[in-house]
Amino acid sequence: MSDLTFEIENNPSPRPDADRVALMANPGFGKVFTDHMAIARYSADRGWHDAKITARAPIPLDPAAAVLHYAQEIFEGLKAYRTADGGAALFRPEANALRFRRSAERMAMVPFPEDAFIEAQRKLVEIDRAWIPDTADGSLYLRPFMIANEVFLGVKPATEYLFITIASAVGSYFKDPNGTVTVWLSEHYTRAAPGGTGAAKCGGNYASSLAAQAEAASKGCEQVVFLDAAERRYVEELGGMNVFFVFDDGSLLTPPLSDSILPGITRDSIITLAREVGMTVREELYTIDQWRADVSSGRQTEAFACGTAAVITPIGRVRGREDDFTIGDAVAGPVARRLRTALVDIQRGNTNDSHGWFKKLF
Ligand SMILES: Cc1ncc(COP(=O)(O)O)c(C=O)c1O
């Protein structure tokens, strides 16, 4: 247990109620921010200190801060859900805290204590509770992150860090929450290499995926499917989501975790939930050729993307330099719908949770 506690400093001028309600009417994703943020500092001599919940505001940063030059940065993404009794809950926040620690270790940053990570989320949600949407697809998206703010241009792990969590009222990630997405098969760009940072949630991974994402958008696709960097044969994941395939015998397949795939908490939850209802889930390598063949033979009936932001989003169509194929009927299939319901019911406290995933905050 760390002895870091977040002191509360109320925002002296929060948004007026009417403005907040107007902003939350159609929040989209990642555009509407709350009144507060959690912040803590690290220095080599004082360790983690100055933890507080305070008014959300710009952060002063020296132009020589290490993060601006060498991208020593990590982040997380989790959601607070409005529960039927008007309270709020988090889903598996300790899994995010652990992944944040592992990302820090991979990026040679000083880890943030896991209990303090959870306390930051809890206190921020509590103070900004009016910002949690009560719509079926709405939630308060929490974005913890850490940056190296040591003022030094030498290339080495920094000795000063800033931990911050901001919160954003969000609706669904994709425009049509009940629709399917079209994905672009990236054959030129890869996302992560063996030995690289693909399993860490660091900003650099996303910066390097943006050219592929822009290519996808120019082809009318919502997301990119990345292949492995070594052989360019194995399907790994999407730009911001893990991927599952569903077969006509009712089984599921998802690529196995490696140092080039982000270990998604949604992915892990789906594997557990699917196995509990008797489905076979294989964590196996899957080549792009096999994907084409399985869709063409009809053996593959569904594919879906999953993540905190996307929840479970069916993939209707795959496009690439020489590919254009449709999966099933290009509509949300029964397996994706069933798993989505099972997952969302736990996240929102609509069902009994035997896993200890649902963390009621208040
Ligand atoms: C690259 C990538 N893969 C997978 C995921 C899904 O992870 P999670 O289910 O923990 O949100 C995310 C989202 O965080 C991601 O950015």
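A salt bridge here is a side-chain nitrogen of Lys or Arg within 4 Å of a carboxyl oxygen of Asp or Glu. The model is predicted, so local features need pLDDT of at least 70 and side-chain atom pairs count only at pLDDT 80 or more, while totals for chains, interfaces and linings use all residues. Numbering starts from 1 along each chain as its sequence is written, and side-chain values use heavy atoms, leaving out hydrogens and water.

Start with the charges. Side chains of opposite charge can pair when their charged atoms come close. The whole structure holds 21 salt bridges. One of them joins Glu9 to Lys52, with the closest N and O atoms 3.9 Å apart. Glu9 sits in the loop between strand E1 (7-8) and helix H1 (17-24), and Lys52 in strand E4 (residues 47-55), so the pair ties together parts that are 43 residues apart in sequence. Helices (H or I, at least four residues) and strands (E, at least two) are DSSP runs, numbered from the N terminus.

Now the domains. The assignment gives domain 1 (7-170) and domain 2 (181-347); such bounds come from an automatic or database domain assignment. Their C-alpha centres lie 27 Å apart. Contact (heavy atoms within 4.5 Å) involves 19 residues from domain 1 and 21 residues from domain 2.

How much area is buried between domain 1 and domain 2? About 1,700 Å², with 59% from carbon and sulfur atoms. Buried area is the accessible area (1.4 Å probe) that two parts lose on being put together, summed over both. Phe75, Phe91 and Arg99 supply 36% of what domain 1 buries against domain 2, more than any other three residues.

Polar links cross this interface too. There are 2 salt bridges between the domains. Polar contacts (N or O atom pairs within 3.5 Å; within protein, one atom must be able to donate a hydrogen and the other to accept it, and residues adjacent in sequence count only if both atoms are side-chain atoms) link 11 residue pairs, both residues at pLDDT 80 or more. On the domain 1 side, strand E5 (73-75), strand E6 (78-82) and helix H3 (93-106) each give two or more residues. H3 gives the most, with 5 residues.

Last, the ligand. It has 16 residues around it, and Lys201, Tyr206, Glu237, Thr266 and Thr308 come nearest. A residue counts as near if one of its heavy atoms lies within 4 Å. A side-chain N or O atom of Tyr206 is 2.5 Å from a ligand oxygen. For Thr266, a side-chain N or O atom is also 2.5 Å from an oxygen atom of the ligand. A polar side-chain atom of Thr308 lies 2.7 Å from a ligand oxygen.
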